[in-house]
Amino acid sequence: MNKSENHKPIVTRFAPSPTGNLHIGGFRTALFNYLYAKHFGGKVVLRIEDTDRERSKPEYEKNIHEGLEWLGLKFDETYKQSERSAIYSQYVSKLIAEDKAYVSKEEITAEDIAEAADPKAKGAKKRSEVIRFRNPNKVINFYDIIRGEISVDTTELGDFVIAKGIDEPLYNFAVVVDEFEMGITHVIRGDDHIANTPRQILIGAALGAHMPIYAHLPLILAPDKSKLSKRKGARSLTEYRDDGYLPEALTNFMAMLGWNPGTEEEFFSRDELIKRFDVAQVQKAGAVYNEEKLRWVNREYLKRKPHVEIATAARPFFERSAEFQKNGWSISDGHMMKLVPVLLDRINVYTDITKMVDDHEFDYLFGQPEYDPKDMIWRDETGPERTKEFFEKVLEILEAAPEESFKDSESVKSLIWAYATDMGRGAVLWPIRFALTGKMKSPDPFTLLTILGKKEGIKRLKHAHKLLA
RNA sequence: GGCCCUAUCGUCUAACGGUUAGGACAGUGCCCUUUCAAGGCGCAAACCGGGGUUCGAUUCCCCGUAGGGUCACCA
């Protein structure tokens, strides 16, 4: 890291508005701001942009904090624009005094009145007086770390409104005042703000502020390549949390959406990301969000977790199932631990467990399954008589085996394997597995025996044997 | 529509003028195997089009095309 050339400490910011829950797009912006600042040993500030009193809601603000906390993003400073109105009005007054802005009398048309009557209209409730910025009508050039030079003629913007009143600053104005007051050196934000940049630069110049360095991140897209929105399936971070996604997996995945270190590595811890991250390397084009891949990344992280941790985290997802509750099932800690290998082989995310329980895939865990005895017979040529013999022999072996042998599937396997191989593995193993689960598809019989334990396992095999009589 | 931005497999991407255009997810085939998973090994799959510049363009420039963003007294 080039410490020597950084005289000024870097300060970045994440500035969400509490008009909705925090989604993955917002998270990625927050993450990139965080990674960039931390890479250079700088600061990140969190600024809640709640100047829109109508649309800002406390519950959204809470959701933003919860999401960020879940992902472990810690901010060095936190501000809320609604608590800073004195600062904004001071700057508005200054601009007016310097004739860089002025109070404008607005004509209210019949159209405006009609609009105001319609709650869905965007420009509802027009003021008769607003504060407008005196646009010097210049061509603005700025350098974007990701996109390079961008040039825009601001003439067509006209004298845009910067505040509804002296105490009611609008977004573009409040942002510029804050960037200035908070000493923000780098503005890293979504691509959709690129159109706001010229007017913010204009306001900044009028304020005598030093222009921050901009980096506009490509948007995260829905599968149809349009901006990802709630309607397009964007879920809030807290929903990912509630579904049991691992925060480190989501972080890794999001960091790789639009950025990569230029190598073929794909797994990075938070610290590695801080060390490697560079905004200049982020992709210019928007990236389609692919949940399948997220699920795969999550699974990779799951596989590296200690089994105890998985057992503990997975339990609530069993209990959450409607079937589980309806049947009054329960599951012990010992069971959970034994179940981990089975889970690891078939889930990507904890919430998959709930679906599987609801789909009756785990019914066998909770009691003697019901089934048609005919399905127990491997193939017609085996027949019920021979199958009965297999049960008898296997039962004999299992009953003689010590409890110890049921600790892991390899031990169980070693008990039965030789016999099964002699008699024909399918002919012996299929009936056992089926007797244990009553299902055409399930984990292997050895694993099942460790999960169910010696007592229950033997009980089910005896039951099956009786059904064949 | 104006302005702005973007363009490599279906998706995320590597390549920073010279490669059989690489990897990952998804897909598919085979192997393993008592079923289902998991796993292993393969396969298929892309440089948007046209002009330049250059000995040589996926890469640099221009035009076209397509997609996206934005055009509030929202943020």
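## A protein chain and its RNA partner

Helix α17 gives the most to the surface near RNA strand B, with 5 residues. Helices (H or I, at least four residues) and strands (E, at least two) are DSSP runs, numbered from the N terminus. What you're looking at is a predicted model, where local features need pLDDT of at least 70, side-chain atom pairs count only at pLDDT 80 or more, and totals for chains, interfaces and linings use all residues. Residues are numbered from 1 along each chain as its sequence is written, while chains are lettered from A and ligands numbered from 1 in the order in which they are written.

So who sits around the RNA? In all, 58 residues surround RNA strand B, and the closest are S17, E49, Y171, A285 and R425. "Near" here means that a residue's C-beta atom, placed from the backbone, lies within 6 Å of the strand. Elements giving two or more residues to this surface include α17 (425-437) and α18 (445-468).

Here's that surface by class:

| Class | Which residues count | Near RNA strand B |
|---|---|---|
| Nonpolar | Ala, Val, Leu, Ile, Met, Phe, Trp, Tyr, Cys, Pro | 21 residues |
| Polar | the others, Gly among them | 13 residues |

Now for the domains. Chain A has domain 1 (305-365) and domain 2 (373-468), with bounds from an automatic or database domain assignment. Their centres, taken over C-alpha atoms, are 23 Å apart. The contact takes 7 residues from domain 1 and 9 residues from domain 2; two residues are in contact if their C-beta atoms, placed from the backbone, lie within 7 Å.
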